[in-house]
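Here are my notes for you on this one. Keep the 3D view open and follow along point by point.

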Amino acid sequence: MSAILLEVDHLTKRFGGVTAVNECSFEVQEGSITALIGPNGSGKTTAFNMITGYLKADSGHIRFRGDLIERPRPADLYRRGLSRTFQQARIFPELSVEENLVIAAGYSWRQLFGRRVSRADQDRARQILAEFRLESLLELPAADLSYGQRKLLEFAAVLMSNPKLVLLDEPTAGVNPVMIDTMERHIRERNAAGVTFLIVEHDMQLVMRLCDPVIVLDQGSKIAFGTPLEVQSDPLVLEAYLGG
Ligand SMILES: Nc1ncnc2c1ncn2[C@@H]1O[C@H](COP(=O)(O)OP(=O)(O)OP(=O)(O)O)[C@@H](O)[C@H]1O
Ligand SMILES: [Mg+2]
């Protein structure tokens, strides 16, 4: 039996009168590619924001690698092996592609520009850029990248922290089919190398072939959990998507 890497217990977040996430509980098993799906506004990003410390939960608990995370803070979690990407890719447009990777290893801008980056981190950045076939672009300002390339760069940057668990918020939204395949390949490769994933994704074909298990949210509540096949035929899930 594999270990539980992330445990979310009765997590709740309200915005005024809206309960964005409602008593939500789920687990992510080590080694899995778990999907978190649901219609627009069902609370997926809000759940991610609470898990990664970008938003304070109203109630509930989060455990990562067995430890209760009392006050989740993004930088602490990052150091402990929990990294994420954003629905709108967050990179530094004025930094080069390579600098975006180096800074993701935990360097300050001062260290970066003072050339106080270790050889090992520089080598690792180059290695990841090569793996992502971005090495020919390494000197380009990230601002010059295409939308899909930015998403790829953000994913590549996340790997600089040697994460145990990566949360991806819509990694393929708005990117072309070739880039979707590329993204899928990188997720699979990293998963095979031991990285666990929790992925918010609207592309159901991708979810069905890549992820297991699948957690389904609707209006902030978990309505289903199971294999892709199980959730696909779950009446509650069909109603949530079609009933809109
Ligand atoms: N900062 C905020 N202030 C007020 N309401 C918010 C805020 N963030 C999210 N909400 C509301 O909380 C609910 C859940 O939003 P959330 O962004 O988590 O959904 P989502 O599942 O990620 O949707 P999508 O698939 O469209 O990205 C929505 O009703 C949204 O309008
Ligand atoms: Mg969202």
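1. Start with A156. Skip its neighbours within four places in sequence, and A156 is in contact with L101, I128, L129, F132 and L134. One thing to keep in mind as you click around: this is a predicted model.

2. Now zoom out from A156 to the core it sits in. The largest nonpolar core has 65 residues.

3. Next, the chain as a whole. The protein chain has 10 helices and 10 strands. Its radius of gyration is 18 Å, close to the 18 Å that the globule rule gives for 244 residues, so the chain is as compact as a globular protein of that length. If you like boxes, the C-alpha atoms fill one of roughly 55 × 40 × 40 Å along the principal axes. Buried residues make up 40% of the 244 residues. Look at contacts with a separation of 6 or more, and 67% of them join residues 24 or more positions apart.

4. Have a look at the open sheet of four strands. Its order is β2-β1-β4-β5, and the pairing is antiparallel.

5. Strand β1 (residues 4-15) is joined to β2 by eight bridges, running antiparallel, and R14 stands opposite T19 in β2. β1 also pairs with strand β4 (residues 59-64) in the antiparallel sense, over five bridges; here E7 stands opposite R63. From β4, two bridges lead on to β5, again antiparallel, with L68 in β5 as the bridge partner of R63. β4 and β5 form a hairpin with two residues between them, and R65 in the turn has a positive phi of about 50°.

6. Strand β9 (residues 214-218) is worth a stop. Is it buried or exposed? Five of its five residues are buried. Both faces are covered, with V214, V216 and D218 on one side and I215 and L217 on the other.

7. What pairs with β9? Strand β3 (residues 33-37) pairs with β9 in the parallel sense over three bridges, and A35 stands opposite V214. Strand β10 (residues 221-226) is joined to β9 by five bridges and runs antiparallel to it; there V214 stands opposite G226. β9 and β10 make a hairpin with two residues between the strands, where Q219 takes a positive phi near 45°.

8. Finally, ligand 1. Which residues surround ligand 1? They are F15, V18, A20, G38, N40, G41, S42, G43, K44, T45, T46 and Q87. By class, that shell has three nonpolar, eight polar and one charged residues. β2 (18-29) and α1 (44-51) each supply at least two of the shell residues, and α1 gives the largest share, three residues.

Methods. Residues numbered from 1 in each chain as written. Chains lettered and ligands numbered in written order. Predicted model: local features only at pLDDT ≥ 70, side-chain atom pairs only at ≥ 80, totals over all residues. Near = placed C-beta within 6 Å. Nonpolar A, V, L, I, M, F, W, Y, C, P; charged D, E, K, R; others polar. Core = buried A, V, L, I, M, F, W, Y, C linked by C-beta atoms within 7 Å. Buried ≥ 20, exposed ≤ 12 C-beta atoms within 10 Å, placed from the backbone. Contact = placed C-beta atoms within 7 Å. Rg over C-alpha atoms; globule rule 2.2 N^0.38 Å. Pairing = 2+ DSSP bridges.
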